[in-house]
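Open your viewer and get ready to select a few residues. We will go from stop to stop together.

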Amino acid sequence: MAVRTPHRSPRGLTAVAALIALGAVGCSDVSEAVGSAKDGAKKAARQRSVFSLDVGDCYNPNGKAEGEAYLVEIVPCDEAHQGQVVGEFAIQQARKYPGEDAVTTIADTRCPVEAQKYAPDTWALPQGVGLSYYTPTAESWATDDRLVSCTYSLDKGTFKGTLDTAKTLGPEQLTYLKGSNAVYEALWANQPETDDIEGDLDAYQAQAKAVAAALDTHLKGLKGVKGAQVGTLHGTLVKAAGEWRKAANAGDLDTFYVAYDAGFTLIDPNKSVAARKELGLATTVPADEAEVWAP
């Protein structure tokens, strides 16, 4: 998924509704102008500082998706909107502003975790929705701003409804999703920066070790989840964990390639569709994941 990092502004702004002067125009024009004025006033009344965003807020950004942000338009979640705040946390690691890159790294690590607490089934997200966040700037840090607001949002278009699905899911569903999400997070969070496996084998083996560990945890959770299809998936993932461990411990490049390819194939999201259906979860593989595992 694409990650954007809009920043908080160190300054607070008050929303001002523009007044529209109506001259001697036709009834149709007057009606349109009045409607436009009402819409403008409604939008202005909904403006809120990015400092006051709360988890659960549905919003429309003002301006570009990247760069400094001052205000957003808060809207009811049953209305069309571009994003929703799905998690937040305060940066506690440093007294001084750690720098934009460090703040982004922290958000990259924490926001997926916070977002999945709120919307655990990422397959059920509206198409095109991606993780983004509002972070402190150097200026706002000086005013004790430490909060990162994690959001799911669209670059283009809108969606309706809240993404707060955690409350509607049962224990077995949540157990499955927690383990499954952790596997793919381990895969992508540890993806080496270079495609040169031979030149960066240590990094690829570290990734394999992380995925194997996540699979082991997922498999422990699945033991308590009932269902024939879940049992079939459990068997597949046992094999996957074995291949990832082989890749992590491979003593030569050829052994690594064979195990890595097998392990990658065995965690193809399509292999979990039947188990997801049995558990009553979303069954459409997200487009970005489907593309990765496409033949």
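Which cysteine does a disulfide join to Cys-111? Select Cys-150: its sulfur is 2.1 Å from that of Cys-111, and a disulfide joins the two. Keep in mind that this is a predicted model. A disulfide is a covalent bond between the sulfur atoms of two cysteines.

Now show the surroundings of this pair. Cys-111 sits in helix 2 (residues 100–118) and Cys-150 in strand 8 (residues 147–153), so the bond ties together parts 39 residues apart in sequence. Cys-111 is buried at 0% relative accessibility, and Cys-150 is buried at 0% too. The torsion about their S-S bond is about -80°, so this disulfide is left-handed.

Next, select Cys-58 and Cys-77, which form a disulfide with sulfur atoms 2.0 Å apart. Cys-58 belongs to strand 3 (residues 58–61), while Cys-77 is in the loop between strand 5 (71–75) and strand 6 (83–90). Here the torsion is about 95°, so the disulfide is right-handed. Cys-58 is buried, at 1%, whereas Cys-77 is partly exposed, at 21%. The count comes to 2 disulfides.

Move on to helix 6 (residues 228–249) and helix 7 (residues 253–266), whose axes come within 8 Å and cross at roughly 150°. That makes helix 6 roughly antiparallel to helix 7. Residues in the contact include Leu-237 and Trp-244 of helix 6 and Phe-256 and Tyr-260 of helix 7. By class, this contact has 10 nonpolar, 2 polar and 3 charged residues.

Last stop: select Glu-289 in helix 9 (residues 287–292). Glu-289 is buried, with a relative accessible area of 14%.

Conventions:
Residues numbered from 1 in each chain as written. Predicted model: local features only at pLDDT ≥ 70, side-chain atom pairs only at ≥ 80, totals over all residues. Heavy atoms only, no water. Axes fitted to C-alpha atoms, helices over the stretch in contact; angles between N-to-C directions. Helix = DSSP H or I, 4+ residues; strand = E, 2+ residues; numbered from the N terminus. Parallel < 35°, antiparallel > 145°, perpendicular 65-115°, else oblique. Contact = heavy atoms within 4.5 Å. Nonpolar A, V, L, I, M, F, W, Y, C, P; charged D, E, K, R; others polar. Buried < 20%, exposed > 50% of the residue type's maximum accessible area, 1.4 Å probe, protein only. Disulfide = S-S within 2.5 Å.
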